Amino acid sequence: MELSELKNYLRVEESMTVDDGLIGGLEESAINYLERQSGKRYKESEPLMKLCVMQIVAHWYDNRQQTATATNELPHMITALIRHIAMCSLYEVL
């Protein structure tokens, strides 16, 4: 997806470019994570997959500190989306 779309979702000003590389890397990692956890191929045209990736990116972006606490677990919304995508036969298997 476009970087500007992700930045808008994260509520990061378009003119703030210092985190552009980080946001792009988080997007790529989120897509890989979704595919590996669900066993389904990511398609940006699938609204639930796109929402899931944006949610993962937002969670990782907002929780960049390295801690061993439960606060770094993915929120229920994300795990529910991944579970749905994994179980739904409408999505392409890897």
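**View A. Charged side chains of the protein chain.** The protein chain carries 9 positive and 14 negative side chains, with the centres of the two sets 6 Å apart. Lys and Arg count as positive and Asp and Glu as negative, while His and the chain ends are not counted; each charge is placed at NZ of Lys, CZ of Arg, CG of Asp or CD of Glu. This is a predicted model, in which local features need pLDDT of at least 70 and side-chain atom pairs count only at pLDDT 80 or more, whereas totals for chains, interfaces and linings use all residues. Residues are numbered from 1 along each chain as its sequence is written, and side-chain values use heavy atoms, with hydrogens and water left out.

**View B. Helices of the protein chain.** The protein chain has 4 helices and 0 strands, in the order α-α-α-α from the N terminus. Helices (H or I, at least four residues) and strands (E, at least two) are DSSP runs, numbered from the N terminus. The C-alpha trace spans about 40 × 30 × 20 Å along its principal axes.

View C. Helix 3 (residues 47-62) has 16 residues, which at 1.5 Å a residue should span 22 Å; its end C-alpha atoms are 22 Å apart, in agreement. The expected span is 1.5 Å times one less than the number of residues. Buried residues (under 20% relative accessible area, 1.4 Å probe, protein chains only) of helix 3 include Met49, Cys52, Val53, Ile56 and Tyr61. The buried residues of helix 3 pack against helix 1 (3-10), helix 2 (20-38) and helix 4 (76-87), where contact means heavy atoms within 4.5 Å.

How values were computed:
Buried means under 20% relative accessible area, exposed over 50%, partly exposed in between (1.4 Å probe, protein chains only).
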